[in-house]
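Work through the following exercises with the sequence and the 3D structure at hand. Try each task before you read its solution.

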Amino acid sequence: MLTSSNPRIGVALGGGSARGLVHIPFVEAMDELGLRPSVIAGTSIGSLIGSGWAAGLTGREIREHTVDVLGSMRAITSRLWNTRFKGFKQLVRTGISMQLDAEEVIDAFLPPGFPRTFEKLRTPLYVIATDFASWHQVIYHSGPLKTAISGSIAIPSLFRPVRHEGRLLVDGGVANPLPLDVAAIDTDLLIGIDVNGDPTEIPPERLPSAIEVGLGSAQIMMHQLISHTIAAYPPDVYFRPHNKPFGAYEYWRVREIMEVGDASKDRFKREVSAKVEAFIAGR
């Protein structure tokens, strides 16, 4: 299906912590259609998965690697432990912190030989982070890749803010959880995958915990931001997988999370195919 007459496709991959693993089946769906985006814009985990896609990995390869590194609690904790305690000198220098170093986590979970710069990617990638000082989004498209992604995934409190090019960066979802505005630049067809999730069901007899309130409040704010972005930059294809049962940090449930996306793949492929065919017919 990949021809010179196809539209330039921009894909926005939103943020949503572990729920963002549902992006992977949609990458596979694009592969199965024989389509490759002209632009990928990613926020938070969307920037991480988008970087693998932009580097030339297939959706199937991203799935296999993700299951390998996240498929069990033991696999995750082993890698995280190694990032936090690399030696006595580091402990003396930084102390034991409850916050993780985002760049070290990126290094621990990315496949070996991953591109170091944006310029080495096969597809243009835009990574969205938030400048903590100015409160504005920052868009990275060149230079060091891992540092930009680290800033994009630096969820407040879980990760230490990332210093990069004179800025102090936190999670891109704080400013732009679904970067349709960026993916729309110089493209003909705009696709948005919103993985923010649905409201969490709390039994009426139980008060939510402090963590549940914090994460749920962040979801509410991101939902409102996404609504405004969709109104300003309406996507041609918009999917919001209903991955309600999954907690923000339950990465070990990767197989279950991807099954949510698997259930929507056929419908996604039909909608994308219809839009591509309509574009070609209208040229």
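The model is predicted.

**Exercise 1.** Find how the axes of helix α3 and helix α10 are oriented relative to each other, and which residues make the contact.

Solution. Begin with the geometry: helix α3 covers residues 59-70 and helix α10 covers residues 254-262, and their axes come within 10 Å and cross at roughly 150°. An angle over 145 degrees counts as roughly antiparallel, so α3 is roughly antiparallel to α10. Next, list the residues: α3 contributes Arg63, Thr66, Val67 and Leu70, which meet Val254, Arg255, Met258 and Asp262 of α10. Last, sort them by class: the contact of α3 with α10 has four nonpolar, one polar and three charged residues.

**Exercise 2.** Describe the packing of helix α1 against helix α2 by angle and axis distance.

Solution. Two packed helices are described by the angle between their axes and the distance between the axes. For α1 (residues 23-33) and α2 (residues 45-54), the angle is about 30° and the axes are 10 Å apart. Angles under 35 degrees count as roughly parallel, and α1 and α2 are therefore roughly parallel to each other. Their crossing is right-handed. On the α1 side the contact is made by His23, Ile24, Val27, Met30 and Asp31, and on the α2 side by Gly46, Ile49 and Trp53. These divide into five nonpolar, two polar and one charged.

**Exercise 3.** Ser44 and Glu165 have a positive phi. Decide for each whether the residue is buried or exposed.

Solution. Most residues other than glycine have a negative phi. Ser44 is not a glycine, yet its phi is about 55°. Ser44 sits in the loop between β2 (39-43) and α2. Its relative accessibility is 5%, so Ser44 counts as buried. For Glu165, phi is near 50°. Glu165 lies in the loop between β5 (162-164) and β6 (167-170). With a relative accessible area of 51%, Glu165 is exposed.

Terms used
Residues are numbered from 1 along each chain as its sequence is written. This is a predicted model: local features need pLDDT of at least 70, side-chain atom pairs count only at pLDDT 80 or more; totals for chains, interfaces and linings use all residues. Side-chain values use heavy atoms; hydrogens and water are left out. Axes are lines fitted to C-alpha atoms, for helices over the stretch in contact, and angles run from 0 to 180 degrees between N-to-C directions. Helices (H or I, at least four residues) and strands (E, at least two) are DSSP runs, numbered from the N terminus. Angles under 35 degrees count as roughly parallel, over 145 as roughly antiparallel, 65 to 115 as roughly perpendicular and the rest as oblique. Contact means heavy atoms within 4.5 Å. Ala, Val, Leu, Ile, Met, Phe, Trp, Tyr, Cys and Pro count as nonpolar, Asp, Glu, Lys and Arg as charged, and the others, Gly among them, as polar. A crossing is left-handed if the near helix is turned anticlockwise from the far one by less than a right angle, and right-handed if clockwise. Buried means under 20% relative accessible area, exposed over 50%, partly exposed in between (1.4 Å probe, protein chains only).
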